[in-house]
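Please look through the sequence and the three-dimensional structure shown here before reading on. The report after them is meant to be read with both in view.

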Amino acid sequence: MRARLIYNPTSGHETMNSNVGDILNIIEKAGYEASAYRTTPKKNSAKDEARRVAKKGFELIVAAGGDGTINEVVNGIADLEKRPELAIIPAGTTNDYARALKIPRDDVVEAAKVILKGQKLPVDIGQAGKKYFINIAGGGSMTELTYEVPSAYKSILGYLAYLVKGAEMLPRVSPIDMHIEYDDGVFDGKATMFLIGLTNSIGGMEQIAPNSVIGDGTFSLIIVKETNLRDLVHLIALVLNGGRHVYNPKVIYTKTKKISVHANDSNRLMVNLDGEYGGDAPMLFNNLHNHLNIYANVDSIPLKAIDTSTLSEKDAGEKIIEEEKNLDSKKEDK
C-alpha cells in the first residue's frame, strides 16, 4: 500500500519542515510505503498533487497543514470514483476539523500517530456548486473577516488574529437581504450570516452546532437574523455558555441535507468554504453522505457526536463500553 504525505511548509509556525522524517516513519510503521510532497505557492498545489496520486492508485493521503490545505486535498479527490483514504495532521491556525476528530493539535508527530490506532470514520463532505468543503461553509458580513486576516498575522498570532479582526469588524457588520431554502423551510429577509456545518467545531469553538453528528448525512444550518452590535455580543456570550444561542429568537438552527442560497436585489453574497473564499451566491449545497474515510481518534470523540451505524461492530461496541466506563467514573466522583 502506498501513502503520500502532502504538507504545507508555511502552515502554523512551520513545524512540519523539521518533522517530515518522523512522520514518514510513522506512516510506514502503519504498513504503507510512504513518500512526501511539499506544497508550493502555485495555485492548487495541494489539490493537483492529491488528484495525481489518487489517480495513480495511492491508498492513503496524509494532509498536513491548516484547514485550507485539507480543503484543497479534499477538492482534489472528491469527484473521483475511487478515492483514497485520508489522514489529517493539523499544522495551521484554528484546525477546526482536527479538533472535531480529536486529533492532537499541538504536536504534528503525535497527530500522525493516530494513524497507528487504525480507527477510521466514514464522513460526509459538502458540495457547493462545483467545489467541496469538509467542515464549514458560510456567508454574510461576519464570515468575511476570514479574508481580511493577513497570513502573517495568522502564523504569528494564531486564533487571536481572528478575534482581533472580528472585534475590529463588529461596528461595521451589516445584514444582507438573502433567500435561503432548506429541507423544512424557507428564510427570506435580512441576515447577518448563515453557517453550514458538518461537525460541531467552527471557528475554534465546539458549541456553535451543539448537536452536530459526524457522518449522519445532514448539515447543521445556522441563520443569524438581522442583528445589531449588542445582539451579536449577546449571541457570542450564549455560544460560550453551553451553546444556548440556538434557542434565541434571532437564530434559526436546524438539520438539513440540501440548502440553496441567493442574495435578494443586487446584493453581493460571498461564500466561505473551510475558511477560504469559495465564490458568490447563488449557490446550492448538497451533503455527500459518507463520501470519505478518514483516520480519527474515535476513542476520544463523544458517542453523541458520531453516527455509530457507520462504525464497525467491534469499534461501536468498544466505543459504547468506553462511554459507560466514563459515566460510571463520573458518578463515583460525585
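## Basis of the report

This is a predicted model, in which local features need pLDDT of at least 70 and side-chain atom pairs count only at pLDDT 80 or more, whereas totals for chains, interfaces and linings use all residues. Residues are numbered from 1 along each chain as its sequence is written, and side-chain values use heavy atoms, with hydrogens and water left out.

Helices (H or I, at least four residues) and strands (E, at least two) are DSSP runs, numbered from the N terminus. Two strands are said to pair if DSSP finds at least two bridges between them. A residue is called buried under 20% relative accessible area, exposed over 50%, and partly exposed in between, using a 1.4 Å probe and protein chains only.

## Strand E1 and its parallel partners

Strand E1 covers residues 2-7; five of its six residues are buried, so the strand is largely enclosed by the rest of the structure. One partner of E1 is strand E2 (residues 33-38), and the two pair in the parallel sense over six bridges. Within this pairing, Arg4 has Ser35 of E2 as its bridge partner.

E1 is also joined to strand E3 (residues 60-65), again in parallel, by five bridges. Here Ala3 stands opposite Leu60 of E3.

E8 and E9 form a hairpin with two residues between them, and they pair in the antiparallel sense over seven bridges.

E12 in turn pairs with E15 in the antiparallel sense over four bridges, and the bridge partner of Ile259 in E15 is Phe285. Strand E15 (residues 283-295) also pairs with strand E5 (residues 120-128), in the antiparallel sense over eight bridges. In that pairing Leu121 is partnered by Ile294 of E15.

Grid points are joined across faces, edges and corners, and a volume is the space filled by probe spheres set on the points. The whole structure holds one cavity of 30 Å³ or more, and the largest cavity has a volume of about 30 Å³.

Which residues line the largest cavity? They are Asp67, Ile70, Asn71, Tyr97, Ile134, Asn135 and Asp274. By class, the lining has three nonpolar residues (Ala, Val, Leu, Ile, Met, Phe, Trp, Tyr, Cys and Pro), two charged (Asp, Glu, Lys and Arg) and two polar (the others, Gly among them). Domain 1 (2-118) and domain 2 (132-289), with bounds from an automatic or database domain assignment, both give residues to this lining, so the cavity lies between them.

Helix H3 (residues 67-77) gives the most to the lining, with three residues. Nine of the eleven residues of H3 are buried, so the helix is largely enclosed by the rest of the structure. Among the buried residues of H3 are Asp67, Ile70 and Asn71.

## The second largest pocket

The second largest pocket has a volume of about 260 Å³. Its lining contains 17 residues, of which Asn200, Glu206, Pro210, Lys304 and Ala305 lie nearest its centre. Seven of the lining residues are nonpolar, six polar and four charged. Domain 1 and domain 2 each supply at least three residues to this lining.

## Two buried residues

Thr218 lies in the loop between strand E9 (185-197) and strand E10 (219-225). Is Thr218 buried or exposed? Its relative accessibility is 15%, so Thr218 counts as buried. The side chain of Thr218 makes a polar contact with the side chain of Asp216 at 3.0 Å. A polar contact is a pair of N or O atoms within 3.5 Å; within protein, one must be able to donate a hydrogen and the other to accept it, and residues adjacent in sequence count only if both atoms are side-chain atoms.

Phe187 is placed in strand E9. Phe187 has 10% relative accessibility and therefore counts as buried. Phe187 and Val261 are 74 residues apart along the chain, and their C-alpha atoms are separated by 9.6 Å.

Notes:
On a 1 Å grid over the protein atoms alone, a cavity is a set of points where a 1.4 Å probe fits but cannot get out, and a pocket is an open set with protein on both sides within 12 Å along at least five of seven lines; lining residues have an atom within 4 Å of a point.
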